[in-house]
Amino acid sequence: VDVVEGAPDRPPDAGHASFCPGSRGGPRACETLGGAGASALAVADVNGDDIDDIVQGDAVDSDGFEPVGGTVWLWFGGRTGPLAEPRRLYQGMQWLVRHANEAGDEFGASIDAGDVDGDGYADVVVGTPGENQGTGSFTVVRGGRDELANAVGTGFGFRNDGVPGAPRPGRRLGAAVAIVPDPDGEGVAVAVTVPGAGRLEDAVLLFRRGVGAFAPGEVEAST
């Protein structure tokens, strides 16, 4: 079993992410994955090649350079470990064109990966709890045969259909995300925390997939 571990940037201290290949005697010497910190990590097969990939969320802007709202690094797996060059995801790019890249968004503060739309490829769920003065949101970026699907990632916020509650600063939707078994036993659902919710029963939202892609208006959300 291989081990992936990391720590977030806490300026002036830099974070890291590492891959430690397994062996009969336990993990061997670890190798650093790039130079970014790890606010969150997930492992899943995003491109369907039967080799797990590493998803690294880096929500802290430690250098002041673009993108300032946070970055997700997607390290595709190979036969001997992660490939040398990761795919970089940030708000405003091809898969996230509807999302503005702004300081303090914390894109990548929480991460999970798994097949939420039932197409056989693991999808990436990214929390952005700092967006819009801490109102928060989360995004689903779909996996596909060519690394990622061509479809634009789907964003969920309090202004979207299927997301209960009003948008208010400090609610921090997406502070934590997790792909969990659906309560009905059919497929999976996405659990999302709302630390600033006004009521305890609204602090965790469960988004259950309906017919079609996992998108606002096609999911059933419950508290």
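Biologist: What kinds of residues make up the lining of the largest pocket?
Modeller: This is a predicted model, and in it the lining of the largest pocket divides into eight nonpolar, five charged and four polar residues.

Biologist: And how much space lies in that largest pocket?
Modeller: About 260 Å³. Of the 17 residues lining the pocket, D2, F19, I51, D52 and G81 are the closest to its centre.

Biologist: Nice. Which strands each supply at least two residues of that lining?
Modeller: That would be β5 (53–58), β7 (77–78) and β8 (81–82).

Biologist: Switching topic: how many disulfides does the count come to?
Modeller: One disulfide. C20 and C30 form it, with their sulfur atoms 1.9 Å apart. The link is right-handed, with 100° about the S-S bond.

Biologist: What parts does the pair tie together?
Modeller: C20 lies in strand β2 (residues 16–20) and C30 in the loop between β2 and β3 (31–32), so the pair ties together parts that are ten residues apart in sequence.

Biologist: Is C20 buried or exposed?
Modeller: C20 counts as buried, because its relative accessibility is 4%, under the 20% cut-off. C30 counts as partly exposed at 46%.

Biologist: Which elements have the lowest and highest mean pLDDT?
Modeller: Strand β19 (residues 219–222) has the lowest at 74, and strand β4 (residues 40–44) has the highest at 98.

Methods
Residues numbered from 1 in each chain as written. Predicted model: local features only at pLDDT ≥ 70, side-chain atom pairs only at ≥ 80, totals over all residues. Heavy atoms only, no water. pLDDT = per-residue confidence, 0-100. Helix = DSSP H or I, 4+ residues; strand = E, 2+ residues; numbered from the N terminus. Disulfide = S-S within 2.5 Å. Buried < 20%, exposed > 50% of the residue type's maximum accessible area, 1.4 Å probe, protein only. 1 Å grid on protein atoms, 1.4 Å probe; cavity = no way out; pocket = protein on both sides within 12 Å on 5 of 7 lines; lining within 4 Å. Points joined across faces, edges and corners; volume = space filled by probe spheres on them. Nonpolar A, V, L, I, M, F, W, Y, C, P; charged D, E, K, R; others polar.
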